[in-house]
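Dear colleague,

Please find the structure below, with its sequence.

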Amino acid sequence: MPLTLYGSVARGSFRRYATYRAAILAGAFTNTVFGFILSYTYLALWHARPDLGGYDATGAVTYIWISQALIAPVCVWGGGFQDDFQDRVRNGDIAIDLYRPVDLQSWWLATDLGRAALQLVTRGVLPMVAGAAVFRLRLPHDGRVWAAFLVSVMLAVAVSFAFRYLVSLTGFWLMDSDGVRSLAGILGMFFSGKLLPITLFPGALGALARVLPWSAMVQIPCDVLLQQRTGGALATGLGFQAFWALVLLAAGRAVQGLATRRVVVQGG
Amino acid sequence: MADDRFPAPPGRLWWGLRVWWMTAAMWTRSALAYRTSFVLMTVGNLAITAMDFVIIAVMFHNIHSMGGWDFHQVAFLYATSSFAIGLADMLVGSIDALGNRIRQGTLDGIMVRPAPALAQMAADRFALRRLGRPLQATVILLWSLSGLRVQWTWDRMLMVPGLLVCGTAIFVALFVAGSCLQFWVADAAEVQNSFTFGGATMIQYPPTVFARELVAGAVFGIPLAFVNWLPALHILGQSDPLHLPAVLRFASPAAAALALAAAGLAWRAGLRAYRSTGS
């Protein structure tokens with residue numbers, strides 16, 4: 001029963017991340033501090049230009065706190081399963097994983113979904129509560145918007161996982177994939193809309209940011225919860241996320257095939 | 001005393017610096033073993049500050065001034081903050097792995113070596129690629145200086161290198177003091193990020209943007225305002241949102257010395273409180 005297998009892998013990962021309570025609190029604290037700093041800079045920006053990028057000041061500050069809530073679950077900066085996976089590639093333990101009667105990519109996807117679920121209810125919720133206590137936020141009352149948001153977040157995690165999986169697979173050739181990973185993290189922070197909504201990016205830079213997969217990780221889920229995307233725009237947004245999730249997962253599968261066929265595993 | 005193995009105070013400082021240097025050199029040789037990754041990470045580090053600054057450029061593409069500060073003035077704050085934290089991160093930033101070492105029990109290995117633990121930890125996994133950030137910041141700083149409308153009197157000219165040195169020292173102190181928290185809570189590595197990297201992000205923007213409590217906290221609590229906000233008020237001739245005494249604008253060296261002393265005391269207290277996991 002593969003589905004129950006991957007379900008229990010995801011549950012195990014959820015419980016594993018739940019063990020590190022101090023780390024969760026420390027992370028939520030940091031996300032909150034950054035939320036405060038960014039909120040004030042955004043307020044100054046929107047004070048100077050009240051309708052910048054299609055948001056008003058309240059919308060912009062809400063955008064900050066949604067994106068701060070997403071940074072850990074979606075792993076915009078990289079992380080999650082990558083530490084374990086890269087260690088196993090480097091020290092050769094990945095050979096044991098390849099012997100297992102389970103699919104390598106689905107196994108790691110399941111662990112990452114479990115981690116994302118735990119981090120959404122902890123490191124997602126805590127900063128949001130702190131932000132709402134101090135700033136005026138515009139969060140929807142309609143349950144259907146929240147449901148659409150959850151679907152969008154799940155797709156964002158899938159896109160992010162598929163991308164990070166490709167990044168970590170480079171370890172089969174490079175042995176140490178930290179370099180590629182840090183580059184990927186920078187691109188992710190910039191093009192996801194985490195630092196600044198990409199609707200503010202001028203001209204060609206904005207057009208580029210809108211079609212790259214990273215906008216599926218932060219910009220689209222934020223716009224779904226802010227109800228900047230409703231009706232047809234909501235459908236195209238979710239479709240865009242699903243498209244990139246499938247393309248990147250398929251690419252990951254192809255590269256994984258190459259990696260396991262052509263690369264001699266390090267072994268002692 | 002148990003510390004008989006070490007030279008007495010003045011020589012001891014040199015001994016610590018020498019240990020730091022030897023450890024850093026060892027890690028640099030080791031990083032060069034994975035050459036592709038090293039090159040990519042150095043490029044990545046150069047790009048990280050470029051991307052940060054592109055965000056500020058995009059902001060100023062849409063507005064002309066932020067809290068009464070123009071693009072070149074904000075770029076000055078950005079560059080000085082980024083230089084100070086970038087250099088401090090390269091010099092001692094690795095110390096945030098302290099919690100991991102405590103958990104894995106490898107801190108014991110460091111403690112039994114006849115060399116100061118602080119110097120070893122600060123240079124542990126030293127990464128030369130982190131030089132990328134201060135280099136980028138220097139380029140932005142030169143660009144900013146070329147566009148500032150400032151009457152360059154000798155005091156203003158001296159204050160620029162002065163604030164870079166003091167700012168780096170303050171961030172060094174913050175990295176060390178922040179990591180000491182991990183002696184008590186080994187998982188709390190991320191908390192120090194909010195003071196170091198979060199603080200560096202805050203002082204990239206003018207103090208007029210933030211709530212008065214936050215600015216006051218950066219003056220009297222965690223001394224971030226002394227990195228660039230307060231000296232910049234004098235250099236750029238901006239007005240102080242808190243109306244503090246003007247003497248504070250020149251107090252960065254004193255603030256840096258105090259911060260380093262406090263961090264040193266915190267480290268000693270932490271080491272004394274450390275109990276090995278025994279594994």
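The notes below take the two chains in turn, then their contact, and then two local sites.

The model is a predicted one, in which local features need pLDDT of at least 70 and side-chain atom pairs count only at pLDDT 80 or more, while totals for chains, interfaces and linings use all residues. Residues are numbered from 1 along each chain as its sequence is written, and chains are lettered from A and ligands numbered from 1 in the order in which they are written.

Chain A has 12 helices and 0 strands; helices (H or I, at least four residues) and strands (E, at least two) are DSSP runs, numbered from the N terminus. Its C-alpha atoms fill a box of roughly 60 × 40 × 35 Å along the principal axes. A residue counts as buried if 20 or more other C-beta atoms, placed from the backbone, lie within 10 Å of its own, as exposed if 12 or fewer do, and as partly exposed in between.

Chain B has 12 helices and 2 strands, in the order α-α-β-β-α-α-α-α-α-α-α-α-α-α from the N terminus. Its radius of gyration is 20 Å, close to the 19 Å that the globule rule gives for 279 residues, so chain B is as compact as a globular protein of that length. The C-alpha trace of chain B spans about 60 × 45 × 35 Å along its principal axes, and 46% of its 279 residues count as buried.

The contact between the chains takes 32 residues from chain A and 33 residues from chain B; two residues are in contact if their C-beta atoms, placed from the backbone, lie within 7 Å. On the side of chain A, α2 (21-48) and α9 (178-191) each supply at least two residues, and α2(A) gives the largest share, 14 residues. This side divides into 24 nonpolar, 5 polar and 3 charged residues, where Ala, Val, Leu, Ile, Met, Phe, Trp, Tyr, Cys and Pro count as nonpolar, Asp, Glu, Lys and Arg as charged, and the others, Gly among them, as polar.

How do α2(A) and α9(B) cross? The axes of α2(A) and helix α9 (residues 189-202) of chain B come within 8 Å and cross at roughly 10 degrees. Axes are lines fitted to C-alpha atoms, for helices over the stretch in contact, and angles run from 0 to 180 degrees between N-to-C directions. That makes α2(A) roughly parallel to α9(B), a term for angles under 35 degrees. The residues involved include A:Phe29, A:Val33 and A:Ile37 of α2(A), and B:Val191, B:Gly198 and B:Met202 of α9(B).

Within chain B, helix α11 (residues 229-236) has 6 of its 8 residues buried, so α11(B) is largely enclosed by the rest of the structure. The buried residues, among them B:Trp229 and B:Ile235, pack against α3 (71-92), α8 (154-184), α10 (212-221) and α12 (252-273) of chain B. B:Gly237 follows α11(B) and has a positive phi, near 65 degrees.

In chain A, A:Leu98 lies in helix α5 (residues 94-99) and is exposed, with 11 other C-beta atoms within 10 Å. Not counting residues up to four places away in sequence, A:Leu98 touches A:Leu104 and A:Thr260. A:Leu98 and A:Thr260 are 162 residues apart in sequence and 8.3 Å apart in space, C-alpha to C-alpha.

With kind regards

Key. Parallel < 35°, antiparallel > 145°, perpendicular 65-115°, else oblique. Rg over C-alpha atoms; globule rule 2.2 N^0.38 Å.
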